[in-house]
Amino acid sequence: MTEHASTEAPPPYPSALRLAGRRVVVVGGGQVAQRRVPALLAAGADVVVVSPEVTPAIEGLVGGGEVTWVPRGFEAADLDESWYVVAATDVPEVNAAVSTAAEERRVFCVRADDAAEASAWTPAVGRHAGVTVAVVSNREPRRSAVIRDQVIEGLRDGRLPVRPHEKTPGVVLVGGGPGDPELATVAARRALSEADVVVADRLAPRELLSELAHDVELVDVAKLPRGRSAAQEEINRVIVERAREGKRVVRFKGGDNFVFGRGYEEVQACAEAGVPCTVVPGLTSAISVPALAGIPVTHRGVAHEFTVISGHLPPDHPESLVEWDSVARMRGTVVLLMAVQNLPAIARRLVSAGRPATTPLAVVTDGSMPTQRTLWSTLELVEEDLVRDPVRPPAIVVIGEVVSVANPARYS
Ligand SMILES: C[S@@+](CC[C@H](N)C(=O)[O-])C[C@H]1O[C@@H](n2cnc3c(N)ncnc32)[C@H](O)[C@@H]1O
């Protein structure tokens with residue numbers, strides 16, 4: 001996309017350079033060079049940085065063998081054999097000398113300081129679903145970036161309905177994060193934009209479903225037969241059946257597929273049926289919801305481990321697989337999912353097995369939603385606090401000293 005105001009100069013001619021294995025010289029080793037070099041490396045270019053000094057990030061790339069560094073001032077011969085040049089110093093005279101030397105060698109040159117004098121411009125670039133979007137405006141980089149962002153956003157959310165040319169049938173298990181659509185990954189959005197069928201959980205970010213094209217079949221798991229096993233069998237049946245019909249199926253759920261998400265049962269069902277299945281990991285609520293409430297699950301000098309436990313069964317339940325006495329002896333952070341109902345029993349058990357009764361505890365409900373809130377308590381007080389101030393699922397419980405790190409005033 002090229003946009004330019006009326007100007008005497010003719011517009012630039014857009015072209016996509018294929019730089020793999022070709023020498024590209026970047027003159028300058030500061031912030032501008034640091035921003036340009038990764039994209040050149042991603043294009044496979046043989047990048048040479050000429051500069052007496054470079055930033056630590058570029059030095060890291062040199063140390064890793066990805067970039068060649070010529071640690072001195074610019075000399076015209078540096079551009080010999082090069083295909084493309086970036087003049088990125090903060091000294092206009094040096095950039096002008098680079099530009100002149102490039103011109104003499106018939107090599108295109110970008111200038112960080114003076115686009116009007118340059119023979120090439122760097123567009124604002126974005127990528128989605130194998131498409132590269134490059135926007136050049138009339139030397140207005142911020143405007144280009146805004147337009148680029150809008151095009152990419154439109155591609156991601158389906159407002160610009162660019163369907164991939166070849167859609168392979170199969171199942172994609174997509175973890176959607178804790179609920180806020182902003183916290184779904186780019187890969188999750190892409191998978192949704194490519195789906196023929198979406199099988200969605202109650203805790204999946206539902207706002208993203210309103211962006212699906214009208215011809216996409218939406219199967220709401222909350223409406224499937226009751227009972228955990230029956231529902232799961234039905235989900236397995238639906239995803240396998242639709243994939244066998246040649247459709248691309250997204251199994252869309254909250255958090256991460258494999259953290260109490262029964263995702264691997266779906267992987268197994270697909271494998272048994274010979275249906276291709278891929279996985280898009282999601283941001284699990286176990287870590288992201290505490291973070292959104294300002295609680296780190298680890299903190300230097302405070303917690304060297306965190307343990308994520310399902311609290312859907314009380315401690316003495318015959319089917320429980322959790323060694324609660326061992327958990328009570330650990331000093332680190334305990335994160336409980338699905339534990340609202342059994343929290344008083346779990347707290348009592350942790351205290352009776354040795355965890356101090358004063359251990360701080362936080363219950364974060366509706367993480368990432370407008371209704372998000374946090375109940376600050378302790379192991380010994382949580383039962384009373386829940387009577388006074390009941391909470392409803394979904395909630396994450398965080399137990400350990402990290403809670404007082406997050407809210408020192410409450411626990412002083
Ligand atoms: C069946 S588990 C699924 C967990 C999910 N796979 C993950 O990685 O986040 C459901 C539990 O996750 C937790 N949960 C998920 N989303 C949440 C949110 N937005 N706020 C608080 N808790 C959440 C709650 O403990 C809820 O009962």
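# Briefing on a predicted protein model

The mean pLDDT of this protein is 92, and 95% of its residues reach 70 or more. The model is predicted.

**Confidence**
- Over residues 2-6 the pLDDT stays under 50, and the model has nine contacts beyond four places in sequence for this stretch.
- Where pLDDT is low, the predicted coordinates should not be read in detail.

**Helices α1 and α2**
- Helix α1 (residues 31-42) packs with helix α2 (residues 56-63) at an angle of about 40°, and their axes are 9 Å apart.
- This angle makes α1 oblique to α2.
- On the α1 side the contact is made by Ala-33, Gln-34 and Val-37, and on the α2 side by Ala-57, Ile-58 and Leu-61.
- Five residues in the contact of α1 with α2 are nonpolar, one is polar and none is charged.

**Strands β4 and β5**
- Strands β4 (residues 84-87) and β5 (residues 108-111) run parallel and are joined by four bridges.
- Opposite Val-86 stands Val-110 in β5.
- From β4 the chain passes through helix α3 (residues 92-104) to β5, in a right-handed β-α-β crossover.

**The five-stranded sheet**
- An open sheet is formed by five strands in the order β13-β14-β17-β15-β16, with mixed pairing.
- β13 (306-310) and β16 (373-378) are the edge strands, each pairing on one side only.
- From one strand to the next, the twist averages 20°.
- Five bridges pair β13 with strand β14 (residues 333-337) in the parallel sense, and Thr-307 has Val-334 in β14 as its bridge partner.
- Helix α8 (residues 285-292) lies across β13, β14, β15 (360-365) and β17 (395-399), and runs at about 80° to β17.

Key. Residues numbered from 1 in each chain as written. Predicted model: local features only at pLDDT ≥ 70, side-chain atom pairs only at ≥ 80, totals over all residues. Axes fitted to C-alpha atoms, helices over the stretch in contact; angles between N-to-C directions. Helix = DSSP H or I, 4+ residues; strand = E, 2+ residues; numbered from the N terminus. Parallel < 35°, antiparallel > 145°, perpendicular 65-115°, else oblique. Contact = placed C-beta atoms within 7 Å. Nonpolar A, V, L, I, M, F, W, Y, C, P; charged D, E, K, R; others polar. pLDDT = per-residue confidence, 0-100. Pairing = 2+ DSSP bridges. Right-handed = clockwise from strand over helix to strand, strands pointing away.
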